[in-house]
Amino acid sequence: MPEPLPETPAATEALCLGEAMIMFAGGPGPLADVEVFTRSVGGAECNVAGGLAALGVPTGWLSRLGDDGFGQHVLRDLQARGVEVGGVELDQVRPTALYVKESHDGRSRMHYYRSGSAAAAMDEQYLERPEVRDRLAQARLVHTTGITAAISTTSADMLERLATEPREFLLSVDLNWRPALWRDMDPESLWRLLKAADIVLIGADEAEVFAGTRNPDELYERLGAKTLVVKDDAHTALVLEPGGRTEVPALSVEVVETVGAGDAFAAGFLAATLQDLPMVQRLRLGHLTAAAVLTAPEDHAPPPAVEVRERLLAATDEEWAATKIGPA
């Protein structure tokens, strides 16, 4: 039987529900030739959890991990970043998932080893655990992604139940479309999850593959989300909501690595949402936190300093457009 973590619930405003993985990054060259790897923690929802916590939002992360050394490392890493993990369930049989980043010919390629993982065994009963139920009851916002919906049918059922049962929290869903994960699954469950969400974050490029369009107005009509955030890579991000449309151009960034930038954007936007900031500032904070990750080699990075954030959130449109971000 999986063993729960013996931890008392802490007050959290935001909860992130989804998979975490150990990431091994090799040096430059084909994977067959790499002898030394560096280890870190990856996974969309735990990236967002860490980003929210770094921005001062009391945040918890919910999932299942293998009761192994990799699972313990995930827990220590998130706790060190200020994320509450008392709702995590440890599995004595199934392992913690991992992936390997290969950097070759100027490109990064990911190799995933997640089949049969502890996270993939999440199901509707997971939501009934007292450690999980109590945390959901006090959260203002719960965030998840299409990746967690795709790792197993039981996980997809869990998220559909989360989305359709009566709830007090805002539900945020980042599409994070991964075609390989949906090869043997019906994406209709993902459509239902997105349509039930209060906030949907989606990249224009992935929207074109998933929904057959990158037109924000068409996406808004088809998804029916109360708030739709469409990110167009290095160009712009816009929000469609009942009150209208808001668009903010992306910053000029000297990019080191793109992986994790979307999660960082989500963390910034959601943190500003919980702070009830104006929509322009919500998008700006998303761009700022994404820029911090784009200029770092890892999947996550500390956000810009408070004084930098405050200055740029209050900047004129001209000052914002003239801002350039490079590696620290």
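Start where helices α1 and α9 cross: the crossing is right-handed. Keep in mind throughout that this is a predicted model.

**Stop 1: α1 against α9**

Select residues 44-54 for α1 and residues 261-274 for α9. Their axes lie 8 Å apart, at an angle of about 45 degrees. That angle makes α1 oblique to α9. Now show the side chains at the contact. From α1, pick Ala-44, Asn-47, Val-48, Gly-51 and Leu-52. From α9, pick Asp-263, Ala-266, Ala-267, Leu-270 and Ala-271. Colour this contact of α1 with α9 by class and you get seven nonpolar residues, two polar and one charged.

**Stop 2**

How many of the eleven residues of α1 are buried? Ten are, so the helix is largely enclosed by the rest of the structure. The buried set runs through Ala-44, Glu-45, Cys-46, Asn-47, Val-48, Ala-49, Gly-50, Gly-51, Leu-52 and Ala-53. Step just past the helix to Gly-56. Its phi is positive, about 90 degrees.

**Stop 3: the nonpolar cores**

Leu-52 leads on to the next selection. The largest nonpolar core holds 51 residues. Which of them touch the most other members? Select Leu-52, Trp-61, Leu-65, Val-74, Phe-265, Phe-269 and Leu-283. Helix α9 gives the most to this core, with nine residues.

Centre on Leu-65. Leave aside its neighbours within four places in sequence. Leu-65 then contacts Ala-20, Gly-71, Val-74, Leu-75 and Val-88, among others. The list also includes Glu-89, Leu-90, Asp-91, Thr-96 and Ala-118.

Next, find the second core. It is separate and has 48 residues. Leu-136, Leu-171, Leu-181 and Leu-219 are among them.

**Stop 4: α9 against α10**

The crossing of α9 and α10 is right-handed. On the α9 side, show Ala-261, Ala-264, Phe-265, Gly-268, Phe-269, Ala-271, Ala-272 and Thr-273. Facing them in α10 are Met-279, Gln-281, Arg-282, Leu-283, Leu-285, Gly-286, His-287, Thr-289, Ala-290, Val-293 and Leu-294. By class, the α9 and α10 contact has twelve nonpolar residues, six polar and one charged.

Between the two helices there is a loop, and Asp-276 is in it. Select that residue. Asp-276 is not a glycine, yet its phi is positive, near 55 degrees. Is Asp-276 buried or exposed? Its relative accessibility is 58%, so it counts as exposed, the cut-off being over 50%.

**Stop 5: α10 against α11**

Move on to α11, residues 306-313. The axes of α10 and α11 come within 10 Å and cross at roughly 135 degrees. That makes α10 oblique to α11. This crossing of α10 and α11 is right-handed. Show Gln-281, Arg-284, Leu-285 and Leu-288 from α10, with Arg-309, Leu-312 and Leu-313 from α11. The contact of α10 with α11 divides into four nonpolar residues, one polar and two charged.

Pick Val-308, also in α11. Val-308 is partly exposed, with a relative accessible area of 27%. Draw a distance from its C-alpha to that of Leu-288: 9.4 Å. In sequence, Val-308 and Leu-288 are 20 residues apart.

**Stop 6**

Finish at α6, residues 188-196. Its buried residues are Ser-189, Leu-190, Trp-191, Leu-193 and Leu-194. What do the buried residues of α6 pack against? Select these elements in turn:

- helices α4 (146-150) and α5 (153-164)
- strands β11 (170-174) and β12 (199-203)
- helices α7 (204-211) and α8 (216-223)

Now trace the loop between β11 and α6 and stop at Asn-176. Asn-176 has a positive phi of about 45 degrees, although it is not a glycine. Is Asn-176 buried or exposed? Asn-176 is buried, at 9% relative accessible area.

Technical notes: Residues numbered from 1 in each chain as written. Predicted model: local features only at pLDDT ≥ 70, side-chain atom pairs only at ≥ 80, totals over all residues. Heavy atoms only, no water. Buried < 20%, exposed > 50% of the residue type's maximum accessible area, 1.4 Å probe, protein only. Helix = DSSP H or I, 4+ residues; strand = E, 2+ residues; numbered from the N terminus. Axes fitted to C-alpha atoms, helices over the stretch in contact; angles between N-to-C directions. Parallel < 35°, antiparallel > 145°, perpendicular 65-115°, else oblique. Left-handed = near helix turned anticlockwise from the far one by under 90°. Contact = heavy atoms within 4.5 Å. Nonpolar A, V, L, I, M, F, W, Y, C, P; charged D, E, K, R; others polar. Core = buried A, V, L, I, M, F, W, Y, C linked by side-chain atoms within 4.5 Å.
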